[in-house]
Amino acid sequence: MKLAHDELKEILPDYLRGSMSEDVRKNLRAHVDECQDCEADLLLLSDIIDADSVPDPGELFFKTLPQRVRALAQTERRVRFSFKSLFLRPVAIAASMAVITLAIYLFKDKTDIGDASLFFKDPLTVTMLDYSSIPENDIPIIDEYVDLDSSTLGYKGIGHGYYIDIASLSSKEAEGLVETLKKEQANGG
Amino acid sequence: MDEDISLIQQYLSGYDDAIEKIVLKYQRQIYAFVYRMTGNMEEAKDLTQQTLIKAVNGLKDFRQESSFKTWLYQIAKNAGLNHIKQNRHEEVEVEDLFIADHKGALSKILEKEKQAYIRSSLNKLPGRQRLAVALRVYEGLSVNETALIMGCTEGAVKAHYHNGVKRLREILKEKGYEVSA
């Protein structure tokens, strides 16, 4: 098969290397003999090859390079395994995320002081007072919504102040107070 | 089975000696190739080692979509281009290489000068043209292999090569050099 001018020009390097079939070689040689453009290219490529000058780095370099490559490649492989495989594997990532999430949950729960009642559980609240043994008329009127912190509420009136004092009593104190009031009542107080 | 593939499989199976055989086979070619890219012997030695280490470490990911030789040249090409980019080599004018006072046959001196000028002119070519000419002419690679290494189509390789050779002829003609008869 006869090749066209452009196709022959492209394979001139292969001709110089001797890497083509005998038929193609003959074809190309015949073309170069007739084509000045391809002849000039062929001569230029010969000059380029002749001009090639790669300095010899010394036999020691080539003698030791295989062992060096082997040793350094293995070192790089070990170092990479230590970090990348540890931090980039999906299982490691998932486990790390689970631990971090758990830590956040536990830590948040313990340090949440938004509800002061966790630390300052009032041993006595209005609802805990037991009035079962006290006649209805004797039950002090206590507003469940009274704020026990007098510094914020203040004494809006004697009545409110009285309620705060009553609510802050322990159950024993409250019973004692009731007994006292009964006695005073009996005495006409 | 291809010798390279066989050696790679031996290495991946744990036979580390196989890697030394691969290095022995390709070290000179890779050294010559990166030297032609950088023009500096010490840099070429470093890049040769770098290329081979990178290839060994990447062997488990080598998918055999091209020959091992092509794949290795791709690594070498990238290493060379990265190095050139980082170091921005200054081109050496041929006048610096001319042996002015050498006593000997005039034709030899002129021949040496011409060869030095050809090397310098090659370095003046745009990167992809220089690479195409170097791979086709110096490395003796086919158009297909060159395309795989350069990461472009065969048509692009032909164009880069054709334009590179054309430009070289123009440069030499400007200087008054005619190709050898």
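These legends walk through a few close-ups of a predicted model. Residues count from 1 along each chain as its sequence is written, with chains lettered from A and ligands numbered from 1 in the order written. Local features need pLDDT of at least 70 and side-chain atom pairs 80 or more, while totals for chains, interfaces and linings use all residues; side-chain values use heavy atoms, leaving out hydrogens and water.

**View 1. Confidence along chain B.** Over residues 90-103 of chain B, though, pLDDT is below 50.

**View 2. A:F61 meets A:F62.** Rings of Phe, Tyr and Trp (its six-membered ring) pair if their centres lie within 6.5 Å; planes under 30 degrees apart are stacked, over 60 edge-to-face, the rest tilted. Here the centres are 5.2 Å apart and the planes at 65°, so A:F61 and A:F62 are edge-to-face. A:F61 is buried (under 20% relative accessible area; exposed is over 50%, partly exposed in between; 1.4 Å probe, protein chains only), at 8%. A:F62 is buried too, at 4%. Ring pairs also tie A:F61 and A:F62 into a cluster with B:Y31 and B:Y35.

**View 3. B:F62 and B:F68.** This aromatic pair is edge-to-face, with 6.0 Å between centres and 80° between planes. Both B:F62 and B:F68 are buried.

**View 4. A charge over a ring.** The charged end of B:R136 sits over the ring of B:Y161, 5.8 Å from its centre. The cut-offs are NZ of Lys or CZ of Arg within 6 Å of the ring centre and within 35 degrees of the ring normal.

Methods: pLDDT is the predictor's confidence in each residue, from 0 to 100. Contact means heavy atoms within 4.5 Å.
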